[in-house]
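My notes follow the order in which I checked them.

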Amino acid sequence: MSVTTPRGFRAAGVAAGLKASGGADVALVVNDGPDTGVAGVFTTNRVKAAPVLWSQRVVQGGVVRAVVLNSGGANACTGPAGFQDTHATAEHTAAVLTSVSPRLILGAGEVAVCSTGLIGERLPMPKLLPGVRSAIRGLSRDGGPAAAEAIMTTDTRPKTTVARGSGWTVGGMAKGSGMLAPGMATMLCVLTTDAVAGPATLDEALRAATRITFDRVDSDGCMSTNDTVLLLASGASGIEPTPAELAAAVTAACHDLAQQLVADAEGATKQVAIDVVGAADEDEAVEVGRTVARNNLVKTALFGNDPNWGRILAAVGTTAAAFEPDEVDVAVNGVWVCRGGAAAEDRSKVDLTGRDVTIRIDLHAGTSAATIWTNDLSHAYVHENSAYST
């Protein structure tokens, strides 16, 4: 279950010394073709990391033969010099790949770059570039798991997935456990498929998938500067699925990875699904769900196993969604603790001792619905993020 499960892809993950821990910190995914189509979705944060700016340009060209990723440094807020570091990384990757694999004659404009880690510091290029060379030497069809490990930062475990079509496959890897809030996606993610699909079809499938998966994850309300999701197609299966079939498989892969992100969110003791129903339209359902997901009073109550529905209702009331306060119903883990905007079933019936929590909010304002996935706010989250840069 990795980015190398689809045919036509090799990957590697190595330690280049970017992380103080000495762990793996440089990953490489290479598309051996025959096709080289790509689609990408990126953070909408106005403060974008250098690799995001670079990879956006690369994806516009419609061809990506390799993706080089590093943890141990975000290369964000590093100015023109940081952008040049990204450019140099792509040039180095292209040159070394071409020298060792004559069938892979490529230029820097066919190499996407992704970085993750602390914002505001230049990458140590004397370590990164040799790390890229080591990753190229280590490329293999079995290298997907190592690549997934190399992109981890505060993640406690690698995140990989596979979704299978009829004779073709979608694989993927992602990282993310903090700064998980959307404006696109919530992390670094590379998806691969051996299906035959052009850039336009890939773009349609990826945007449809991220809209209802990664865009619905909201762990801590903090949008990253580096969010990147790439979908590469090798065409090695020789099979061209319908656009709907491809979109379904890509969505399944993204959904699986999104749930793994929430499960591994920093300090989380609860994995929370907020189902908003009866909304006037889908956007309003998303707004309500996201507002509740970002409410610290709700999140801390869940950490304390307290089904405090008053906090949920108060959060709903801060939105612009259409609803009447005296018509809203709220259930926590199947117990309708609020009916018509007032107390209903005894809150002591709610069992919050487990990890999984479902909050259902019925606005009684329409027929639209949406689900937002989040987590609680714990002592461990505060500790991890107060000590992160050290």
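I kept in mind that the model is predicted.

**Entry 1, the sheet.** I looked up the strand order first. I found 5 strands in an open sheet, ordered E3-E9-E8-E7-E6, with mixed pairing. Strand E3 (37-42) and strand E6 (159-164) sit at the edges, and each pairs on one side only.

I then asked how many bridges join E6 to strand E7. I got 6, and E7 (residues 169-175) runs antiparallel to E6. Arg-164 stands opposite Thr-169 in E7.

Helix H1 (residues 50-60) touches E3 and strand E9 (228-233). The direction of H1 makes about 145° with that of E3. Helix H6 (residues 243-263) also packs on the sheet. I listed its contacts as E6, E7, strand E8 (188-193) and E9. Against E6, the direction of H6 makes about 155°.

I moved to strand E4 (residues 66-70), which pairs with E5 in the parallel sense over 5 bridges. Ala-66 stands opposite Val-111 in E5. From E4 the chain crosses through helix H2 (residues 79-100) to E5, and I logged this β-α-β crossover as right-handed.

**Entry 5, burial of E5.** Are the residues of strand E5 (residues 111-115) buried or exposed? I found 5 of 5 buried. Val-111, Val-113 and Ser-115 lie on one side, Ala-112 and Cys-114 on the other, so I recorded both faces as covered, with buried meaning under 20% relative accessible area.

Conventions:
Residues are numbered from 1 along each chain as its sequence is written. This is a predicted model: local features need pLDDT of at least 70, side-chain atom pairs count only at pLDDT 80 or more; totals for chains, interfaces and linings use all residues. Side-chain values use heavy atoms; hydrogens and water are left out. Two strands pair if DSSP finds at least two bridges between them. Helices (H or I, at least four residues) and strands (E, at least two) are DSSP runs, numbered from the N terminus. Contact means heavy atoms within 4.5 Å. Axes are lines fitted to C-alpha atoms, for helices over the stretch in contact, and angles run from 0 to 180 degrees between N-to-C directions. Buried means under 20% relative accessible area, exposed over 50%, partly exposed in between (1.4 Å probe, protein chains only). A crossover is right-handed if, with the strands pointing away from the viewer, the path from the first strand over the helix to the second runs clockwise.
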